[in-house]
Amino acid sequence: MTYHPKSEFLRVMMTRGFLADCTDYQALDEAFVKGVVPGYIGFDATATSLHVGSLIQIMMLRWLQKCGGKPIVLMGGGTTKIGDPSFRAEERPLLTDAQIDANIEGIKQAFTPYVTFGGGSTDAVMVNNATWLDKLNYIGFLRDIGRHFSVNRMLSFESVKSRLDREQSLSFLEFNYMILQAYDFLELNRRYGCLLQMGGSDQWGNIVNGVDLTRRVIEHEVYGLTSHLLTTSDGRKMGKSASGAVWLNGDLTSPYEFWQYWRNTTDADVGRFLKLYTELPLAECDRLGALGGSEINAGKIVLANAVTALLHGAGAATAAETTAREVFEKGGIGDDLPTVRVSASEVAEGLGIVQLLVRAGLAGSGKDAKRLIAEGGARMNDDLVTDAAMRLGAGDLAEPVKLTAGKKRHALVILD
């Protein structure tokens, strides 16, 4: 559909490449023109941090606030107890209340760099759906809310259908998730006047359920908007690197590692990622994305600096770029590389190079590390590692040792 929005928010969503679908473009556009639109995105607390895969949703909340809307960050303290079955092959492991609360505390860190919290009309608020879900009366909920849901329709949603088509079990617990997510929208509309739910395109069915439920129960018009599900141009899932998830919390993924993830963006993704993950003008995003040959590396550095500065601050971005330059251009050892610290007792009988590559996050397993060495992809202090049985003693670690996997991933090993 070609729609020319009047509101700044929808214009940003369209021109920067966020928007996949919307339940009612014109009505939502008019709501933004009339006044402040409160909008929410839900985040289940399945880990102590969000990773880069969630960053597109956080940027949508940031743009919502910049364009005069009110972001509502919904923490899934209640829904995490069930787990979203959308497009998953198996049920998520169930977490205890204590684990969920600890995860929420960790996740909160990711939002403060992007949105401003407070009591103003466009200030963001953080809400936990356990506030209302934990208090639900089962019989009353079935009577008042459950009667609005058709099992036939629920079975037709792609997220459920794909699981059943593969003859994979879908528990009744998980089947309830879409009802609870719809109920969240209803409650947020009642409590905060929330008019908009946003999410990835895999959440379309759940979002539509919430729009329909709110209309049926309290006769309020609300709207849904989805973003594209992103993969890199070479087919990899956003937020994953060779060494695992790229977390937003600095204690799990250092600012340097975070910077390096964006610096390693494939050439074809530079322009697109600049539009989605930075606030650079569109013309500049297009210019940098169109650079050819080795010149595209300048665009990747701009991307890495801008994304890292938003999350960790301009100082962290500058330090990461300086470290990278020392490592790549001068062959030196930067101070900000991921670091593995080993004790004297660990190296008394020698510490295997395979084990160190795994501990440094440069290989996912011992098998991966051995393959890396066999294929000529492992270096120690820029010298090729050829012996997978190599062991390092205290003498070898008298000075920090730089390990390298491939051309771009580095780590330091330091003897305490």
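T80 touches D44, A45, T46, L95 and I100, where residues up to four places away in sequence are left out of the count and a contact means heavy atoms within 4.5 Å. The model described here is predicted, so that local features need pLDDT of at least 70 and side-chain atom pairs count only at pLDDT 80 or more, while totals for chains, interfaces and linings use all residues. Residues are numbered from 1 along each chain as its sequence is written, and side-chain values use heavy atoms, with hydrogens and water left out.

The place of T80 in the chain is the loop between strand 3 (70–76) and helix 4 (97–108); helices (H or I, at least four residues) and strands (E, at least two) are DSSP runs numbered from the N terminus. With a relative accessible area of 4%, T80 is buried, a word used for values under 20%, whereas exposed stands for over 50% and partly exposed for what lies in between (1.4 Å probe, protein chains only). The side chain of T80 also reaches the backbone nitrogen of A45 at 2.8 Å.

**Aromatic residues**

The whole structure contains ten aromatic pairs, a pair being two rings of Phe, Tyr or Trp (its six-membered ring) with centres within 6.5 Å, called stacked if the planes are under 30 degrees apart, edge-to-face if over 60 and tilted otherwise. Y3 and Y25 make a tilted pair, with 6.0 Å from centre to centre and 35 degrees between the planes. This pair links distant parts of the chain, since Y3 belongs to the segment before helix 1 (8–15) and Y25 to helix 2 (residues 25–34), 22 residues apart. Y3 is buried at 17% relative accessibility, and Y25 is buried at 12%.

Elsewhere, F258, Y261, W262, F273 and Y277 form one aromatic cluster. Helix 12 (residues 255–263) is mostly covered, with seven of its nine residues buried; among these buried residues are F258, Y261 and W262.

**A nonpolar surface patch**

On the surface, Y138, I139, L142 and F172 form a nonpolar patch that has about 460 Å² of accessible area together. Patches are made of residues with over 30% relative accessible area and no salt bridge, joining like charges within 9 Å and nonpolar side chains (Val, Leu, Ile, Met, Phe, Trp, Tyr) within 5 Å, and the areas come from the Shrake-Rupley method with a 1.4 Å probe, for which only the protein chains shown count as cover for residues. Helix 6 (residues 138–144) gives the most to the patch, with three residues, while F172 lies in helix 9 (residues 172–175) and counts as exposed at 57% relative accessibility.

**Salt bridges**

Side chains of opposite charge can pair when their charged atoms come close. The structure holds 18 salt bridges, each defined as a side-chain nitrogen of Lys or Arg within 4 Å of a carboxyl oxygen of Asp or Glu. Three of them are listed here.

| Salt bridge | N to O distance |
|---|---|
| E221 and R215 | 3.2 Å |
| E321 and R325 | 2.8 Å |
| D368 and R371 | 2.6 Å |

E321 and R325 are separated by about one helical turn because they stand four residues apart in helix 16 (residues 314–328), and R325 is partly exposed at 32%. In helix 18 (residues 366–374), D368 and R371 are three residues apart and therefore also separated by about one helical turn. D368 is partly exposed, with a relative accessible area of 28%, and R371 is partly exposed at 40%. Salt bridges that share partners join R153, D212, R215 and E221 into one network.

How values were computed: Polar contact = N/O pair within 3.5 Å; in protein donor to acceptor, adjacent residues only side chain to side chain.
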